[in-house]
Amino acid sequence: MPRIPRAIVDAMIAHAREDLPNEACGVIHAVDGVPASAYRVKNSAASPYRYLMDPLEQYKLETRQDESGETLFEIGRAHV
């Protein structure tokens, strides 16, 4: 099972704290199945109880993923 590097975990925790009291949203891309990059995505719901990832940001990340050769590893949300 691939492990998420500490730097990505730390970045996700920082993002969740910065977005308080709302849910934080983001995606992790991988290279050869190994998590390589984390990207923040705006929570359009702006709510501590639910999240809605901004569709335009998601599209841009999918385009970036296709161009870079990375693959989707995880789509997630967090609340600290």
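Reader: How much space lies in the largest pocket?

Author: About 240 Å³. This is a predicted model, where local features need pLDDT of at least 70, side-chain atom pairs count only at pLDDT 80 or more, and totals for chains, interfaces and linings use all residues. Residues are numbered from 1 along each chain as its sequence is written, and side-chain values use heavy atoms, with hydrogens and water left out.

Reader: What counts as a pocket there?

Author: On a 1 Å grid over the protein atoms alone, a pocket is an open set of points where a 1.4 Å probe fits, with protein on both sides within 12 Å along at least five of seven lines; lining residues have an atom within 4 Å of a point. Grid points are joined across faces, edges and corners, and the volume is the space filled by probe spheres set on them.

Reader: Ok, which residues lie nearest its centre?

Author: Met12, His15, Cys25, Gly26 and Val27, out of 16 lining residues. H1, E1, E2 and E3 each give two or more residues to that lining. Those labels are DSSP runs numbered from the N terminus: helices are H or I with at least four residues, strands are E with at least two.

Reader: And how does the lining split by class?

Author: It has 10 nonpolar, three polar and three charged residues. Ala, Val, Leu, Ile, Met, Phe, Trp, Tyr, Cys and Pro count as nonpolar, Asp, Glu, Lys and Arg as charged, and the others, Gly among them, as polar.

Reader: Switching to E1: mostly covered or mostly open?

Author: Mostly covered: seven of the eight residues in E1 (24-31) are buried, meaning under 20% relative accessible area, with exposed over 50% and partly exposed in between (1.4 Å probe, protein chains only).

Reader: Which strands does E1 pair with?

Author: E3 (71-78), antiparallel through seven bridges, and E2 (34-41), also antiparallel through seven bridges. Pairing here takes at least two DSSP bridges between the strands. As examples, His29 is bridged to Leu72 in E3, and Ala30 to Pro35 in E2.

Reader: What's between E1 and E2?

Author: Two residues, making a hairpin. Asp32 sits in that loop and has a positive phi near 55° without being a glycine. Asp32 is exposed, at 78% relative accessible area.

Reader: Where else is there a positive phi in a non-glycine?

Author: At Ala46, about 45°, in the loop between E2 and helix H2 (55-68). Ala46 is exposed as well, at 51%.

Reader: Which peptide bond is cis?

Author: Leu20 to Pro21, with omega near 10°. Pro21 is in the loop between H1 and E1.

Reader: How many salt bridges?

Author: Two, taking a side-chain nitrogen of Lys or Arg within 4 Å of a carboxyl oxygen of Asp or Glu. Arg40 pairs with Glu18, closest N and O atoms 2.7 Å apart. That pair links distant parts of the chain, Arg40 in E2 and Glu18 in H1, 22 residues apart.

Reader: And the other one, with Asp10?

Author: Asp10 pairs with Arg6 at 3.3 Å between the closest N and O atoms. Both lie in H1 (6-18), four residues apart, about one turn of the helix. Asp10 is partly exposed at 39%, while Arg6 is exposed at 56%.

Reader: Last one: what is Ala38 in contact with?

Author: Ile8, Val27 and Ile28, leaving aside neighbours within four places in sequence; contact means heavy atoms within 4.5 Å. Ala38 is in E2 and is partly exposed at 34%.
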